[in-house]
Amino acid sequence: MNHFPNKNYFTMPNEIFSLGLNASEIAVYAYLRCLESRSTYQCWPSYTTIGNAIGRAKNTVMRYVDALAEKGLIYTEPTSVLMRSGIKKNGNLRYTLRPIHEAVELFHDRQMAAVERAAERQQIQRKLSAMDMLPGA
């Protein structure tokens, strides 16, 4: 028996909850997943449309979209629209949802780099402390 006869649903990767996203970033990502074409992984909602769907202002949505792009979950491209008058105007962004494993890999790489930087700082601090202990320092 098919529990979803009209296919009015979408899936979310479990890994989304291990990437340190806040609830609003997850809401924007979920809305984009809901709208994406299953064959191209793309959609074109406006910031206002996303904001109306998740209960956030346009400027706030812009920040969340930037955060999702920076975290490797989505790729955005500007589009343009040709008006009847012949004038070219900016269109909505084209969102491409990237494979989740790429975002997870990027997240882990960044965490590892942060750990390595912290270890280097500790090592330098120990060396500086040891120098302070030298006679005549």
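Student: Leu 93: buried or exposed?
Tutor: Leu 93 counts as buried, at 19% relative accessibility. Buried means under 20% relative accessible area, exposed means over 50%, and partly exposed is in between, using a 1.4 Å probe and protein chains only.

Student: What kind of model is this, and how are residues numbered?
Tutor: This is a predicted model, where local features need pLDDT of at least 70, side-chain atom pairs count only at pLDDT 80 or more, and totals for chains, interfaces and linings use all residues. Residues are numbered from 1 along each chain as its sequence is written, and side-chain values use heavy atoms, leaving out hydrogens and water.

Student: Where is Leu 93 found?
Tutor: Leu 93 is in the loop between strand S4 (88-90) and strand S5 (94-97). Strands (E, at least two residues) and helices (H or I, at least four) are DSSP runs, numbered from the N terminus.

Student: Which residues does Leu 93 touch?
Tutor: Leaving out residues up to four places away in sequence, Leu 93 touches Cys 43, Trp 44, Pro 45, Tyr 47, Val 65, Thr 76, Glu 77 and Pro 78. Contact means heavy atoms within 4.5 Å. As for Thr 76, its C-alpha atom and that of Leu 93 are separated by 6.1 Å, with the two residues 17 apart along the chain.

Student: You mentioned Cys 43. How many disulfides does the structure hold?
Tutor: The count is 0. A disulfide is a pair of cysteine sulfur atoms within 2.5 Å.

Student: New topic, helices. How do H1 and H2 pack?
Tutor: Helix H1 (residues 23-35) and H2 pack at an angle of about 115°, with their axes 10 Å apart. Axes are lines fitted to C-alpha atoms, for helices over the stretch in contact, and angles run from 0 to 180 degrees between N-to-C directions.

Student: What do you call that arrangement?
Tutor: H1 and H2 are roughly perpendicular to each other. Angles of 65 to 115 degrees count as roughly perpendicular, under 35 as roughly parallel, over 145 as roughly antiparallel, and the rest as oblique.

Student: Which residues make the contact?
Tutor: From H1, Ser 24, Ala 27, Val 28, Tyr 31 and Leu 32; from H2, Thr 49, Ile 50, Ala 53 and Ile 54.

Student: And what about H2 with H3?
Tutor: The axes of H2 and helix H3 (residues 58-70) cross at roughly 100° and come within 8 Å. H2 is therefore roughly perpendicular to H3. Residues in that contact include Ile 50 and Gly 51 of H2, and Val 61 and Val 65 of H3.

Student: Back to H1. Is Glu 25 buried or exposed there?
Tutor: Glu 25 lies in helix H1, and it counts as buried at 6% relative accessibility. Beyond four places in sequence, Glu 25 touches Gly 20, Tyr 64, Ala 67, Leu 68 and Lys 71.

Student: Last one. Where is confidence lowest and highest in the chain?
Tutor: Confidence is lowest in helix H4 (residues 100-132), at a mean of 85, and highest in helix H2 (residues 47-54), at 97. The chain's mean pLDDT is 88, with 91% of its residues at 70 or more. pLDDT is the predictor's confidence in each residue, from 0 to 100.
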